[in-house]
Amino acid sequence: MKTRKLGHTLEVSAIGLGCMSMSALYGPPADENAMIELIRSAHDEQGVTLFDTAESYGPFTNERLLGEALQPIRDKVVIATKFGFDIDPQTGERRGGTNSRPDHIRLAVEASLKRLRTDNIDLLYQHRVDPNVPIEDVAGAVKDLISEGKVKHFGLSEASVQTIRRAHAVQPVTAVQSEYSLFWRGPELELLPALEELNIGFVPFSPLGAGFLTGNIDENTQFDASDFRNHVPRFSPESRKTNLALVYVLKTLASSKGATPAQIALAWLLAQKPWIVPIPGTTKADRLEENLGAVDLELTAEDLSVIHEQVSSIQLTGERLPEAALKMTNL
């Protein structure tokens with residue numbers, strides 16, 4: 001497995017593994033024993049070293065799953081988790097909204113450490129910016145946890161460039177996590193240039209457009225009743241039918257490369273910047289192997305030019321998140 005560097009010092013596999021779908025949001029939770037086996041094989045057989053979770057996934061169940069799976073190889077992997085939603089650290093009660101008060105951050109981290117079965121968190125993200133807490137206070141709280149050895153690196157998720165700069169001035173930010181793919185290219189305008197300037201790594205979530213870029217979803221696809229995509233505008237049947245034009249571009253290039261649409265989509269991301277580390281999620285061993293195969297797929301300058309030209313002419317429809325969730329981004 002090839003590696004990449006986030007920030008100045010955090011070296012990770014070129015593609016990480018997003019673990020959220022194993023426990024939440026994409027339908028019923030997967031079998032825990034099977035997921036433990038999948039997580040361990042991701043490292044032992046495929047060389048993945050970056051594993052992404054959050055206290056809110058479940059809540060708590062995904063951190064517990066990852067903690068059990070990675071305990072035997074803890075010193076060989078990088079664990080990324082997140083705080084920031086208003087969740088009772090002990091009971092898991094969702095109280096709604098965000099909560100990044102310094103005292104709550106400390107309680108959340110202490111609880112995450114126990115669930116992850118570790119004495120330190122390699123990369124700790126603020127999951128969403130809290131409009132009621134100055135980002136300087138958040139960065140200061142994480143800085144204290146870093147000085148105590150409980151956290152190694154600080155990250156932000158779905159934050160604006162202004163917020164990133166303010167946080168970075170207090171405690172250097174190692175990585176920013178936001179959505180980015182051929183299905184959502186918003187970060188290209190302001191975020192990517194700022195991250196390059198500040199030497200901050202970028203970890204795109206939903207690098208396969210929540211599964212849409214795999215080519216396995218069309219307007220007739222039926223999602224489980226508990227799947228969050230049922231509430232996402234770009235996943236309405238009408239939007240899916242229109243947006244399939246994007247998938248056609250990927251399928252056409254994939255066939256000429258002996259690859260899959262998912263591999264083309266991930267290889268395109270990797271080609272954008274050497275400090276981009278996507279974290280596709282899956283619950284299936286064959287999909288994991290497929291996704292990781294993108295690391296060795298070389299897209300030529302001509303390939304990238306063709307993708308850019310063809311994708312730029314497509315008018316995608318539907319917002320990437322429900323309205324309430326969108327209001328919590330880019331703060």
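In this predicted model, helix α5, which spans residues 161-170, packs against helix α6, which spans residues 191-198, at an angle of about 15 degrees, and the axes of the two helices lie 10 Å apart. Because angles under 35 degrees count as roughly parallel, this arrangement makes α5 roughly parallel to α6. The crossing of α5 and α6 is right-handed. On the side of α5, the residues that take part in the contact are Val161, Ile164, Arg165 and His168, and they meet Leu191, Ala194, Leu195, Glu197 and Leu198 of α6. When the residues of this contact between α5 and α6 are sorted by class, 6 are nonpolar, 1 is polar and 2 are charged.

Helix α6 also contains Glu196. Apart from neighbours within four places in sequence, Glu196 is in contact with Lys273 and Trp275. The C-alpha atoms of Glu196 and Glu323 are separated by 30 Å, and these two residues stand 127 residues apart along the chain.

Leu191, one of the α6 residues that meet α5, is also among the contacts of Ser178. Ser178 belongs to strand β10, which runs over residues 173-179. The relative accessibility of Ser178 is 4%, and Ser178 therefore counts as buried, since the limit for that class is under 20%. When neighbours within four places in sequence are left aside, Ser178 is in contact with Ser157, Glu158 and Ala159, with Leu191, and with Phe202, Val203, Pro204 and Phe205. Towards Glu158, the side chain of Ser178 reaches the backbone nitrogen at 3.2 Å.

A second pair of helices is formed by α7, covering residues 237-257, and α8, covering residues 261-272, whose axes come within 8 Å and cross at roughly 95 degrees. Because angles of 65 to 115 degrees count as roughly perpendicular, α7 is roughly perpendicular to α8. In this contact, Leu250, Lys251, Leu253, Ala254 and Lys257 of α7 meet Pro261, Ile264 and Ala265 of α8. By class, the residues that join α7 and α8 comprise 6 nonpolar and 2 charged residues, with no polar ones.

Attention then turns to helix α2, which consists of residues 61-70. Of the 10 residues of α2, 7 are buried, so this helix is largely enclosed by the rest of the structure. The buried residues are Asn62, Glu63, Leu65, Leu66, Gly67, Ala69 and Leu70. These buried residues of α2 pack against helix α1 (32-44), strand β4 (50-52), strand β5 (78-83) and helix α3 (102-116).

Within helix α3 lies Ser112, and its contacts include Glu63, one of the buried residues of α2. At 3% relative accessibility, Ser112 counts as buried, because its value falls under 20%. Beyond the neighbours within four places in sequence, Ser112 is in contact with Glu55, Glu63 and Ile121. Between the C-alpha atoms of Ser112 and Thr260 the separation is 36 Å, the two residues being 148 residues apart along the chain.

Definitions and conventions
Residues are numbered from 1 along each chain as its sequence is written. This is a predicted model: local features need pLDDT of at least 70, side-chain atom pairs count only at pLDDT 80 or more; totals for chains, interfaces and linings use all residues. Side-chain values use heavy atoms; hydrogens and water are left out. Axes are lines fitted to C-alpha atoms, for helices over the stretch in contact, and angles run from 0 to 180 degrees between N-to-C directions. Helices (H or I, at least four residues) and strands (E, at least two) are DSSP runs, numbered from the N terminus. Angles under 35 degrees count as roughly parallel, over 145 as roughly antiparallel, 65 to 115 as roughly perpendicular and the rest as oblique. A crossing is left-handed if the near helix is turned anticlockwise from the far one by less than a right angle, and right-handed if clockwise. Contact means heavy atoms within 4.5 Å. Ala, Val, Leu, Ile, Met, Phe, Trp, Tyr, Cys and Pro count as nonpolar, Asp, Glu, Lys and Arg as charged, and the others, Gly among them, as polar. Buried means under 20% relative accessible area, exposed over 50%, partly exposed in between (1.4 Å probe, protein chains only). A polar contact is a pair of N or O atoms within 3.5 Å; within protein, one must be able to donate a hydrogen and the other to accept it, and residues adjacent in sequence count only if both atoms are side-chain atoms.
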